[in-house]
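Good morning, everyone. Please take a look at the sequence and the structure before I start.

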Amino acid sequence: MSYDISQLRKFVTPEIIFGAGARKTVANYATTFGAKKVLLVSDPGVQAVGWVVDVEESLQAQGIDYVLFTQVSANPRTEEVMHGAEVYRAAGCNVIVAIGGGSPIDCAKAIGIAVAHDRHILEFEGVDTIRAPIPPLICIPTTAGTSADVSQFVIISDQQEKVKFSIISKAVVPDVSLIDPETTSTMDPFLSACTGVDAMVHAIEAFVSTGSGPMTDAHALEAMRLLNSNLVKMIQNPQDIALREQVMLGSLQAGLAFSNAILGAVHAMSHSLGGFLDLPHGLCNAILVEHVVAFNFDSAPDRFKVIAQTLGIDIRGLSTPQVKQRLVQHLIELKQAVGFQQTLAMHGVSNSDLRMLSLHAMDDPCILTNPRESSLADVEVVYAEAL
């Protein structure tokens with residue numbers, strides 16, 4: 001019996017523990033993996049607001065030894081990964097715990113790859129390049145957006161080449177994700193906006209991805225509904241834990257969708273832009289999102305109509321071009337409501353940079369699942385519209 005591989009869909013996820021206080025269970029899970037010594041990966045910002053101490057206290061209470069590694073930039077770099085791998089080996093670690101946003105979690109995943117193979121992280125760019133299992137990995141996200149804690153993506157910055165590169169493999173899906181909305185209470189409004197828009201883009205891109213399927217669709221649509229209803233209110237009421245929980249849940253749903261359906265041109269172009277300018281990933285997405293939606297709309301109009309309805313737009317009696325215009329306008333208004341009004345030019349990008357940015361975007365694996373086939377010239381035009 002033959003089968004069509006393009007019709008097969010897989011769905012991978014970590015063990016997920018969701019709810020206030022989840023972070024304090026970390027030692028129980030480390031024990032399950034036979035932890036002798038833990039590499040605890042974070043960054044200076046997360047450490048400064050006190051979340052690292054909670055993890056340290058949990059490990060200490062159960063007598064688990066650990067070594068702390070916090071030399072992680074906002075866009076984690078190849079040299080930081082290799083330094084972390086050295087620390088892991090030198091200390092004799094056998095489990096990795098990451099607490100933070102996408103940056104420490106991606107760095108922790110990459111450290112795991114490097115120590116499992118004893119090779120440089122740059123050798124693993126691309127899809128399914130990993131040949132050995134990485135050490136047990138427990139993640140505690142402190143932002144509601146990146147979903148690195150549930151995804152099969154690792155994004156690392158190569159500062160020499162001024163590019164970000166992607167590693168995509170189910171080998172880097174964490175073993176356990178402890179999703180605790182309390183940890184997001186220390187995000188400032190800008191970071192809340194960046195990560196919230198990132199989550200919304202994850203949901204939209206996953207729903208129109210050529211890799212989407214019934215399981216990812218359900219998560220993507222619920223993510224859009226939760227984020228559309230709660231993100232703006234959460235940024236206006238940062239201490240409201242109930243709103244934080246809804247946004248965190250929306251982010252998780254979006255993560256489960258995109259990790260399995262993959263993404264599209266917003267992320268391909270955003271990775272290129274973030275590597276070039278070293279800007280926050282969510283900001284790059286925010287600058288690009290409505291331009292890419294407009295570019296893609298006619299390749300998946302029925303799916304984009306469902307997105308418009310899910311975001312609360314009444315499309316009854318509207319023509320397809322009118323739905324497109326309303327959806328683009330809604331995304332612009334959502335961005336503005338959370339404080340984004342930036343363009344590429346405001347960050348120093350000029351026409352002369354667009355060819356190079358487009359070449360890097362065309363090399364990104366996310367471009368392969370974009371609903372509209374994209375040429376180099378197409379990508380250049382979309383960047384130009386975002387100037």
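Which residue in strand 8 does Gly126 stand opposite? The residue opposite Gly126 is Ile167.

Some ground rules. This is a predicted model, where local features need pLDDT of at least 70 and side-chain atom pairs count only at pLDDT 80 or more, while totals for chains, interfaces and linings use all residues. Residues are numbered from 1 along each chain as its sequence is written, and side-chain values use heavy atoms, with hydrogens and water left out.

Strand 5 and strand 8 (residues 163-168) run parallel and are joined by two bridges. Strands pair if DSSP finds at least two bridges between them. Helices (H or I, at least four residues) and strands (E, at least two) are DSSP runs, numbered from the N terminus. The open sheet here has three strands in the order 5-8-7, with mixed pairing. Strand 5 (126-127) and strand 7 (153-158) are at its edges with a single partner strand each, so one side of each has no neighbour in the sheet.

Five bridges pair strand 2 (residues 37-41) with strand 3 in the parallel sense; Val38 has Tyr66 in strand 3 as its bridge partner.

Next, a pair of helices. Helix 6 (residues 189-208) packs against helix 7 (residues 214-236) at an angle of about 155°, with the axes 9 Å apart. Axes are lines fitted to C-alpha atoms, for helices over the stretch in contact, and angles run from 0 to 180 degrees between N-to-C directions. That makes helix 6 roughly antiparallel to helix 7, a term for angles over 145 degrees.

Last, the whole protein. Its secondary structure comes to 14 helices and nine strands. Along the principal axes, the C-alpha trace spans about 65 × 55 × 45 Å.

Note on methods
Angles under 35 degrees count as roughly parallel, over 145 as roughly antiparallel, 65 to 115 as roughly perpendicular and the rest as oblique.
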